[in-house]
Amino acid sequence: MSAKIRELAGQFVRPRMGRRLLALTLSLVVIGVCVAVFKAVGFGTDPCSTFTLGVSARTGVSFGTCQLVFNLLLFLPVLWYDLSRIGIGTIGNMVGVGYIADFCMGFIQPAIPAEGLPMTVRIVMFLLSMAGFLIAAAFYMVADLGVAPYDAVPQLIAARTKRWSCRRVRMAWDISVLSVGFFLGSTVGLTTVLTGFCLGPVIALISDRAGGWFA
């Protein structure tokens, strides 16, 4: 047990910690804001948010609380099987993104007219939020301070499954979670598709260009 505790503690101390924490904080704020905008423009959200927004709509519990509870459940197998994936970024994602999105939704929703936003405005908001989300999520990953439990679970499954590649496991995971969110009433749309296909290449690009900042 003491070895596991030391391993866990080591994940919270990394080179260039100041830069990593700054990148982490800004990334989580931007991700939370973008999730709120995704909900407002109605073109869908990323798979994890699609699920938790569906649960929130069905239960009346806030999105932030649903996001936290869902990630806490996923956190348990990660904590048990692979502490190397846990860091301050894990905790920040679990607690921060959902409540930041809730806070922003509280400002955005009342500002939307009863007849809805014009399509041009929705498209502009969508493009800006999509760019912000992809870049912020990439910096979150490149800062390397731990991954969200939602991202860690398919990685754990892939590491223990010889028949399926990591990409196939992640696709099956996203589709499963997304499907449940859809049946709970969440919107699935262009945002969902783009976050699934574009995040990997953007992470690779940011890693090549900015990875040295954290070395």
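**Close-up 1. Thr90 in helix α5.** Let's start with Thr90, which sits in helix α5 (residues 88-111) of this predicted model. Thr90 has a relative accessible area of 1%, and because buried means under 20%, Thr90 falls in the buried class. A polar atom of the Thr90 side chain lies 2.9 Å from the backbone oxygen of Val147. Leaving aside residues up to four places away in sequence, Thr90 touches Phe75, Arg85, Tyr140, Leu145, Gly146, Val147 and Pro149.

**Close-up 2. Gly32 in helix α2.** Next comes Gly32, a residue of helix α2 (residues 17-41). Its relative accessibility is 0%, so Gly32 counts as buried. The C-alpha atom of Gly32 is separated by 6.4 Å from that of Gly98, although the two residues are 66 residues apart along the chain. Not counting residues up to four places away in sequence, Gly32 touches Val97, Ile100 and Ala101.

**Close-up 3. Packing of helices α7 and α8.** Here, helix α7 (residues 149-159) packs with helix α8 (residues 166-183) at an angle of about 135 degrees, and their axes are 9 Å apart. The two helices are therefore oblique to each other. The crossing in which α7 passes α8 is right-handed. On the α7 side, the contact is made by Tyr150, Asp151, Val153, Pro154, Ile157 and Ala158; α8 contributes Cys166, Val169, Arg170, Trp173, Asp174 and Val177. Sorted by class, this contact of α7 with α8 has nine nonpolar and three charged residues, with no polar ones.

Key:
Residues are numbered from 1 along each chain as its sequence is written. This is a predicted model: local features need pLDDT of at least 70, side-chain atom pairs count only at pLDDT 80 or more; totals for chains, interfaces and linings use all residues. Side-chain values use heavy atoms; hydrogens and water are left out. Axes are lines fitted to C-alpha atoms, for helices over the stretch in contact, and angles run from 0 to 180 degrees between N-to-C directions. Helices (H or I, at least four residues) and strands (E, at least two) are DSSP runs, numbered from the N terminus. Angles under 35 degrees count as roughly parallel, over 145 as roughly antiparallel, 65 to 115 as roughly perpendicular and the rest as oblique. A crossing is left-handed if the near helix is turned anticlockwise from the far one by less than a right angle, and right-handed if clockwise. Contact means heavy atoms within 4.5 Å. Ala, Val, Leu, Ile, Met, Phe, Trp, Tyr, Cys and Pro count as nonpolar, Asp, Glu, Lys and Arg as charged, and the others, Gly among them, as polar. Buried means under 20% relative accessible area, exposed over 50%, partly exposed in between (1.4 Å probe, protein chains only). A polar contact is a pair of N or O atoms within 3.5 Å; within protein, one must be able to donate a hydrogen and the other to accept it, and residues adjacent in sequence count only if both atoms are side-chain atoms.
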